[in-house]
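Have the model open and follow along.

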Amino acid sequence: MGLYFKSLCSSSKANCVALWTDNTCILFDAGFTSMRKMKNEISAHLGSTDRVDAVLVSHVHADHISHYPLKVIENLSYELYISEANVDLLKQRFFRRHGFNNLKLNAFGREPFVVGDFRVEPFEIEHNPAFRTFGFSLICDTDSGEKKVTLATDLCETDSCKKYFVDSDFIFLESNHDLEMLAQDPNPNSDYHLNNPDSARFLCDVVASSENKPKHVVLGHLSEKRNLPNIALREVRDAFVRAGEMLDFDLRAAEPRGNSPVIKIA
Ligand SMILES: [Zn+2]
């Protein structure tokens, strides 16, 4: 069985990446601005809207989930997984008058849970204090053995979640902004996001601490105004050189204005 990743969109405006096997397809967030856009993007990049089984929600900022994506999730009978800490806020912010009576809403706690071929372990990350935010490690059996994928965006502290990233085969991590571009165009919300140098240092630390080194790392949630893929990538390469750590994995940045190619993890 193969294991694949693709970023459909990843920026400060809209976030949705897909992870799938032959049997199970999971979306990590669904921050689309309209129902049509969500259905079109899924059809265009995953073949058909029927392909998706479940959506994992990191937190309830509108670039990750909102009213119209919830309607699509309900209409297409996708399973929605969200922290029990965020269910009330999800309803307050996005249900409006629509009852969402047919929404398949699964509230997770601290324990891992199973979604098709994946064992999903949620972990809390530090972001805006008003919005509790989660990353996920997913374990999956493939033709080339068990694989671990770890996904997290929207974080401003990394010490507490390092253990989830260590020994991952695939890492999707926020690298939100360049410090010089931020200085020229300040944004108080940037405090809640991982800047390029912090993301680069963290990746270096994770790789140094891993016996099973990652094969692929994708940088995500790049700010459209305060970052560029080349700057974020260079920052990682420089951090590895400075630390004397080998960078022998496939390193990419998800284009903030587009999708990524399909990455075969296994
Ligand atoms: Zn956020």
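This is a predicted model: local features need pLDDT of at least 70, side-chain atom pairs count only at pLDDT 80 or more; totals for chains, interfaces and linings use all residues.

**Helices and sheets at a glance**

The axes of α1 and helix α2 (residues 67-75) approach to within 8 Å and cross at roughly 55°.

**The α1–α2 contact**

- The crossing of these two helices, α1 and α2, is right-handed.
- On the α1 side, the contact is made by Met35, Met38 and Lys39, while α2 brings Tyr68, Pro69, Lys71 and Val72.
- Sort the residues of the α1 contact with α2 by type and you get five nonpolar, no polar and two charged.

- Seven strands make up an open sheet with mixed pairing, in the order β6-β5-β4-β3-β2-β1-β14.
- Its edge strands are β6 (104-108) and β14 (263-264), and each of them pairs on one side only.
- Helix α1 (residues 35-46) lies across β1 (4-10), β2 and β3, and runs at about 150° to β1.
- Strand β2 (residues 15-20) and strand β3 (residues 25-28) pair in the antiparallel sense, with four bridges between them.
- If you want a landmark there, find Trp20: its bridge partner in β3 is Cys25.
- As background for reading these pairings, strands of a sheet pair through backbone hydrogen bonds, either parallel or antiparallel.

**The other seven-stranded sheet**

- Here, too, there's an open sheet of seven strands with mixed pairing, this one ordered β7-β8-β9-β10-β11-β12-β13.
- The edges are β7 (113-115) and β13 (250-253), each pairing on one side only.
- From one strand to the next, the twist averages 20°.
- Helix α7 (residues 229-243) packs on this sheet, where it touches β12 (216-220) and β13, and its direction makes about 145° with that of β13.

- β7 and strand β8 (residues 118-125) pair in the antiparallel sense over three bridges.
- Two of the residue pairings to look for: Val114 has Arg119 as its bridge partner in β8, and Phe113 has Val120.
- β7 and β8 form a hairpin with two residues between them.
- Gly116 sits in that turn and has a positive phi of about 55°.
- On to the next neighbour: eight bridges join β8 to strand β9 (residues 133-142), and these two strands run antiparallel.
- Within that pairing, Pro122 stands opposite Phe136 of β9.

**The α6–α7 contact**

- Helix α6 (residues 196-208) and α7 have axes that come within 8 Å and cross at roughly 45°.
- α6 and α7 are therefore oblique to each other.
- α6 passes α7 in a right-handed crossing.
- From α6, the residues involved are Asn196, Pro197, Ala200, Arg201, Leu203, Cys204 and Ala208.
- They meet Ile231, Ala232, Glu235, Val236, Ala239, Phe240 and Ala243 in α7.
- By type, the residues of the contact of α6 with α7 come out as 11 nonpolar, one polar and two charged.

Definitions and conventions. Residues are numbered from 1 along each chain as its sequence is written. Two strands pair if DSSP finds at least two bridges between them. Two residues are in contact if their C-beta atoms, placed from the backbone, lie within 7 Å. Axes are lines fitted to C-alpha atoms, for helices over the stretch in contact, and angles run from 0 to 180 degrees between N-to-C directions. A crossing is left-handed if the near helix is turned anticlockwise from the far one by less than a right angle, and right-handed if clockwise. Ala, Val, Leu, Ile, Met, Phe, Trp, Tyr, Cys and Pro count as nonpolar, Asp, Glu, Lys and Arg as charged, and the others, Gly among them, as polar. Angles under 35 degrees count as roughly parallel, over 145 as roughly antiparallel, 65 to 115 as roughly perpendicular and the rest as oblique.
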